[in-house]
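Welcome! Here is a short tour to read alongside the sequence and the 3D view.

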Amino acid sequence: MRAVGQKMLWVAVLAAVTLVAQLGFANNPERSRQQIGEFRAQLEELESSDRKEVATRDVEMIEGWLQEAEVLLANGQQEAVTMRMRRVEYGLDMVRALVQAGNIDASAESQEERYHQARAEIEELQSEISALERRKAELQEELNRVSR
Amino acid sequence: MSGSLKNRFGKIIALGAAGAASMMLATGCSPSPKSDELVELERMLQDPAAQELREIPNAARYHQEARQLRRVAEEAREERRDELSREYAILGTLRYRTAVAVASQFEAAERLKAANAKIEEVNPELRATNESRNALARDIQQLDSDIRAAVREQEARRRADASRRESTFEAAQAASTDTTSENLQQVNARIEAAEAARAAALEYKADAYERSRAVFNRAESQLSNARSLLQSQPGAAGTILQQVNFAVQLFEEAESTARPIHEEMVEKMRPENRISVLRQKARDNFGGPYTEEEYQGIRIVMARMFVPQEANFRPNTDAMLDVLARLTNEYEEFSIQIEGYTQRRGNVTENLATSQLRAHRVRDFLVERGVDASRISTEGFGQERVRFSDDAENNDRVEIILRHSGN
């Protein structure tokens, strides 16, 4: 008897949790429309990034979900809209992380390039120094000659 | 943003758990086969590389969420809520891939850190080598100058000797009035000497410099008259000789006037001198603390140039930009590298884009002021390499590197 009571209580708690969670998802159509606009703006911003090529296919996939969400919203399928929006939100997080990784990678590459360039400059300078030392010796000799 | 995501993620987990549990109580049917998405997510999570994600800061959180979503997807499947199970598997896959991307960021950041450290290490060596080279170049310049002075002294001695010989010759000519073939030979020899003096004067562009041009033209006129006289009155050898000798004297005078001007001009145009003068001008115009010597050139730091988080110039920056345009136009053999930067405020990706736009704005300004676009390269570094720690807005800047092209 006691076990059944506990089970009932557990079901009630879960149902309450489900209700609360549903309330979180249960956006009204106006809110969903607004959210689609916000996500689309974020997506466009990522598309304009220099490193967009690292996530081209993912951006297209998210664009597809946004379009699906718009159709579902027009058909009044609010629950399905909410699910698509969740995918879009997670997808945007992922693309942002990919783009950022690409940015840092490019910065690292650029700094490595600068380092190699500096090393090459040092080598070039050293060879120039050798040539200048030779030239200096020649000129010193020339000066001695013309001063005689 | 992350707090909000956390809350929403919590809700998903709660929804999943609640749905799965309630369905478990309500049904007793055998589960459906796993969806492709769930199979894929499980494959990813079982990959040995996935274990490494747990060790990487920030990536661990997304990895943990991916695992939780896999569990919820599995529970939903057991309750035959196939569509929900598939949805959680998709979300789990997205979270797993986010974890992988964050791990890549971490690796790239380590690479960046290592590269920055190497640059810090190599810069003093580069500066020291550059200074050694510059010191040698200065020594050579001094030696060049000493040699020229010695040569000039030699030349003056030679001229004094020649002048003495000339006086003796002229005296002998004046005493003689005969027009023998011997005299004609002497006239021709002097005309050749005048031609040589003329060529020497032209070597130092005596006809081009204002201070020597008039004397050079007079010499030309004297020589021309002497030639005419030789044709019309070959017997007047004495007069002709006087004219030619005067022409020689004038050509020599023009040469000696033009020579230092020409040598100074050549000296000024030597790359090391151009670089040195440009460095000094940059320091005078932008201030010592805002310039740094670069190999074969100079770096100019133009701080606090832009409205924060925008690529628009602040008011009253035109004067600085005009000075930059004037210098780049005056030193047209120098390449121009424009680097854009931002302060550490706002989104890293946006800052990178803004820094690139800032570099482009400066490039466009210079091109409008007549600088050849092919000399200019641009790059944006975003909020990396903060230069000013006291006032963050100083970092809304560009840095311009002018480097001699070596031609």
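Which residues on the other side of α2(B) are exposed? They are D36(B) and Q46(B), where exposed means over 50% relative accessible area, buried under 20% and partly exposed in between (1.4 Å probe, protein chains only). Please keep in mind that this is a predicted model, in which local features need pLDDT of at least 70 and side-chain atom pairs count only at pLDDT 80 or more, while totals for chains, interfaces and linings use all residues. Residues are numbered from 1 along each chain as its sequence is written, chains are lettered from A in the order in which they are written, and side-chain values use heavy atoms, leaving out hydrogens and water.

**The two chains**

- Chain A has 4 helices and 0 strands, and its elements run α-α-α-α from the N terminus on; helices (H or I, at least four residues) and strands (E, at least two) are DSSP runs, numbered from the N terminus.
- Of the 148 residues in chain A, 40% count as buried.
- Chain B comes to 11 helices and 5 strands, and buried residues make up 43% of its 407 residues.
- Among contacts (heavy atoms within 4.5 Å) with a separation of 6 or more, residues 24 or more positions apart account for 70% in chain A and for 76% in chain B.

**Helix α2 of chain B**

- In α2(B), residues 36-46, the buried residues are L38(B), L41(B), E42(B), M44(B) and L45(B).
- An α-helix has 3.6 residues a turn, so residues three or four places apart point the same way.

**A helix pair in chain A**

- Helices α3(A) (residues 56-74) and α4(A) (residues 78-147) pack at an angle of about 160°, with their axes 9 Å apart; axes are lines fitted to C-alpha atoms, for helices over the stretch in contact, and angles run from 0 to 180 degrees between N-to-C directions.
- That angle makes α3(A) roughly antiparallel to α4(A), a label for angles over 145 degrees.
- The residues of this contact divide into 16 nonpolar, 2 polar and 4 charged; Ala, Val, Leu, Ile, Met, Phe, Trp, Tyr, Cys and Pro count as nonpolar, Asp, Glu, Lys and Arg as charged, and the others, Gly among them, as polar.
- Among the residues that meet are W65(A) and L66(A) in α3(A), and V88(A) and L92(A) in α4(A).

**A helix pair in chain B**

- The axes of α7(B) (residues 210-232) and α8(B) (residues 237-268) come within 8 Å and cross at roughly 160°.
- Helices α7(B) and α8(B) are therefore roughly antiparallel to each other.
- Their contact residues divide into 16 nonpolar, 6 polar and 4 charged.

Methods:
Angles under 35 degrees count as roughly parallel, over 145 as roughly antiparallel, 65 to 115 as roughly perpendicular and the rest as oblique.
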